[in-house]
Amino acid sequence: AGILQFPEALKLVRERGRLMKQAGQDSPGGMAAILGLDDEQIAEVCRTASAGGIVVPANRNCPGQTVISGEVGALEQAMELAKGAGARRAARLNVSIASHSPLMANANREFQQLLQDAALTLPEFPEKPSGMVIGNVSALPLYTTGGLYEELDLQMERPVDWTGSIQTMSDAGVKTFIEIGPGTVLGGLIKRIAPDAQTIPMAGLGLGIPTLSGR
């Protein structure tokens with residue numbers, strides 16, 4: 001969308017990864033996928049388990065699928081509580097950091113300094129002026145540089161509302177989604193949020209890009 005020049009965007013991606021890795025070493029944690037509970041049940045599970053440490057909802061992937069994130073002890077307690085509340089599955093993810101949780105606070109503060117030096121510009125859509133950039137913290141369109149900075153400032157530490165983001169786009173009339181990546185995981189989530197949507201993986205564009213299974 002022309003918000004960032006490629007070299008600057010690449011630098012921010014690299015530094016974000018470095019800072020998150022460091023946060024995982026300084027404040028070890030983890031993440032777990034919970035299937036079969038609604039938002040209120042997940043919130044209650046995390047509130048109860050928080051008596052033993054930090055654990056919060058981290059990703060609203062689609063209805064009935066949420067990822068939680070936090071300190072290992074509290075995370076494991078939340079998984080057990082989720083099972084007791086009727087979750088079909090509660091599974092640890094193969095990650096060593098607690099993304100989108102307060103354990104990213106120190107990393108986020110350092111990232112904020114890098115963002116202040118970044119020259120963000122308004123989104124440009126020369127062929128489609130009505131286009132939108134949707135923030136996955138707010139799940140709302142971002143039309144101002146202030147909104148862009150705020151979204152990037154919060155995203156490392158706050159939950160990702162993927163469900164809300166797709167609903168916002170679907171409500172705005174978006175019917176076709178192209179998944180930028182070698183897999184189809186996001187397309188599957190989109191179909192659960194907006195069943196009438198058409199999802200196209202990169203491999204389906206005829207660009208010679210292999211799928212994960214084709215590598």
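Me: What makes the side chains of arginine 92 and glutamate 76 a salt bridge?

Reply: In this predicted model, the N to O distance between the side chains of arginine 92 and glutamate 76 is 3.7 Å. The cut-off asks for a side-chain nitrogen of Lys or Arg within 4 Å of a carboxyl oxygen of Asp or Glu, so the pair counts as a salt bridge. In general, side chains of opposite charge can pair when their charged atoms come close.

Me: Why is it said that this pair links distant parts of the chain?

Reply: Look at where the partners sit: arginine 92 is in strand S4 (residues 89-92), while glutamate 76 is in helix H3 (residues 72-84). They are 16 residues apart.

Me: Why is arginine 92 called partly exposed?

Reply: Its relative accessibility is 36%. Buried means under 20% and exposed means over 50%, with partly exposed in between, so arginine 92 is partly exposed. Glutamate 76, at 42%, also counts as partly exposed.

Me: How do you know that aspartate 39 and arginine 60 meet in a salt bridge?

Reply: Try the cut-off again, friend! Their N to O distance is 3.1 Å, and the limit is within 4 Å, so this pair qualifies as a salt bridge.

Reply: Aspartate 39 has 40% relative accessibility, and arginine 60 has a relative accessible area of 28%.

Me: What makes lysine 83 and glutamate 80 a salt bridge, and where do they lie?

Reply: Their side chains meet at 3.5 Å, N to O. That is within 4 Å, so the pair counts as a salt bridge. Both residues lie in helix H3, three residues apart, which is about one turn of the helix.

Me: Why is glutamate 80 called partly exposed?

Reply: Glutamate 80 has 49% relative accessibility. Exposed would need over 50%, so glutamate 80 stays partly exposed. Lysine 83, at 42%, is partly exposed too.

Me: How many salt bridges does the structure hold?

Reply: The structure holds seven salt bridges. There is also a network of salt bridges that links Arg14, Glu15 and Arg18.

Definitions and conventions: Residues are numbered from 1 along each chain as its sequence is written. This is a predicted model: local features need pLDDT of at least 70, side-chain atom pairs count only at pLDDT 80 or more; totals for chains, interfaces and linings use all residues. Side-chain values use heavy atoms; hydrogens and water are left out. Buried means under 20% relative accessible area, exposed over 50%, partly exposed in between (1.4 Å probe, protein chains only). Helices (H or I, at least four residues) and strands (E, at least two) are DSSP runs, numbered from the N terminus.
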